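Student: I have a structure open that I have never seen before, and I'd like to walk through it with someone. Could you help me get my bearings?

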Amino acid sequence: MDWSSFTQGAFGGLLIGLSAVMLMVTLGRIAGISGMVSGLIFDRFTAESAWRLAFVLGLVSGPLLLVVLNGSLGNVAGNPEAVVGNPIGGVPLMVLAGLLVGLGSGIGNGCTSGHGVCGIARLSPRSMLATLVFLLTGVVTVYVVRLMTGHSL
């Protein structure tokens, strides 16, 4: 077991949970990213928009800070030579995937962060079901893609 990756993941999860709790305690708001972004895009700018913008900018600034401090995007899968780079399917496929995620967030009344981190913590049955559907869909997608591309399961 790679304890470095485990420690980084555990620390990252702790920070995500802490930020969700802090937002709920201080502003009484749920840290659902799709709701924050749609509020920034579709609602007129108000005092409510300020915390949404700050939260989203904080999410975006993390990877940028990593690049500035580390000089790279970091390694992946425990391979020191591997870095996060261009998507395998190309940028158009990545844009399409992003649009589908946005559509799914709208249909599901929230995204994985809102349902998985905040909804389950509030014992919301709807969020528990939504998170189960997210996870099962991910498992099925990986299975089907691996079968279609000839990779081992």
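Student: What is the chain made of, in terms of helices and strands?

Tutor: Keep in mind from the start that this is a predicted model. The chain has 6 helices and 2 strands, and from the N terminus on the elements run α-α-α-β-β-α-α-α.

Student: Where is confidence lowest and where is it highest in the chain?

Tutor: The mean is lowest, at 56, in strand 1 (residues 75-76), whereas helix 6 (residues 125-149) has the highest mean, at 91. Taken over the chain, the average pLDDT is 82, and 87% of the residues score at least 70.

Student: And how many of the residues count as buried?

Tutor: The share is 16% of the 153 residues of the chain.

Student: Let's do the helices. What span should helix 1 have, and what do its end C-alpha atoms show?

Tutor: Helix 1 has 25 residues, which should span 36 Å at 1.5 Å a residue, and its end C-alpha atoms are 35 Å apart, so the two values agree. Just after helix 1 comes Gly28, which takes a positive phi of about 70°.

Student: What about helix 4?

Tutor: Helix 4 covers residues 91-107, which is 17 residues, and from its first C-alpha to its last it reaches 24 Å, close to the 24 Å expected at 1.5 Å a residue. Just after helix 4, Asn109 takes a positive phi, here of about 55°.

Student: Which residue has a positive phi of about 60° although it is not a glycine?

Tutor: That is Leu123, which lies in the loop between helix 5 (112-121) and helix 6. Leu123 counts as exposed, because its relative accessibility is 63%.

Student: Switching to charges, how many salt bridges does the structure hold?

Tutor: The structure holds 3 salt bridges. In one of them the side chains of Arg29 and Glu48 meet, at 2.7 Å from N to O. Arg29 lies in the loop between helix 1 (3-27) and helix 2 (33-42), while Glu48 belongs to helix 3 (residues 47-70), so this pair ties together parts that are 19 residues apart in sequence.

Student: Are those two buried or exposed, or in between?

Tutor: Arg29 is partly exposed, with a relative accessible area of 35%, and Glu48 also counts as partly exposed, at 25% relative accessibility.

Student: What does Glu48 do besides that?

Tutor: Glu48 forms a salt bridge with Arg52 as well, with the closest N and O atoms 3.9 Å apart. Glu48 and Arg52 are 4 residues apart in helix 3, so about one helical turn separates them. As a general point, an α-helix has 3.6 residues a turn, so residues three or four places apart point the same way.

Student: Which residue meets Arg52 in a salt bridge of 3.4 Å?

Tutor: Asp43 does, the 3.4 Å being the distance from N to O between the two side chains. Asp43 is partly exposed at 44% relative accessibility, whereas Arg52 is buried, with a relative accessible area of 15%. Taken together, Arg29, Asp43, Glu48 and Arg52 are linked in a network of salt bridges.

Student: OK, new topic: how many disulfides does the structure hold?

Tutor: It holds 0 disulfides. Cys111 is in no disulfide, and the nearest cysteine sulfur to its own, that of Cys118, is 8.6 Å away.

Student: Last one: which residues make the nonpolar surface patch?

Tutor: The patch is made by Phe11, Leu14, Leu15, Leu18 and Met22, and it has an area of about 520 Å². One of these residues, Leu14, is found in helix 1, and Leu14 counts as exposed because its relative accessible area is 56%.

Conventions: Residues are numbered from 1 along each chain as its sequence is written. This is a predicted model: local features need pLDDT of at least 70, side-chain atom pairs count only at pLDDT 80 or more; totals for chains, interfaces and linings use all residues. Side-chain values use heavy atoms; hydrogens and water are left out. The expected span of a helix is 1.5 Å times one less than its number of residues. A disulfide is a pair of cysteine sulfur atoms within 2.5 Å. A salt bridge is a side-chain nitrogen of Lys or Arg within 4 Å of a carboxyl oxygen of Asp or Glu. Buried means under 20% relative accessible area, exposed over 50%, partly exposed in between (1.4 Å probe, protein chains only). Patches are made of residues with over 30% relative accessible area and no salt bridge: like charges are joined within 9 Å, nonpolar side chains (Val, Leu, Ile, Met, Phe, Trp, Tyr) within 5 Å. Accessible areas come from the Shrake-Rupley method with a 1.4 Å probe; for residues, only the protein chains shown count as cover. pLDDT is the predictor's confidence in each residue, from 0 to 100.
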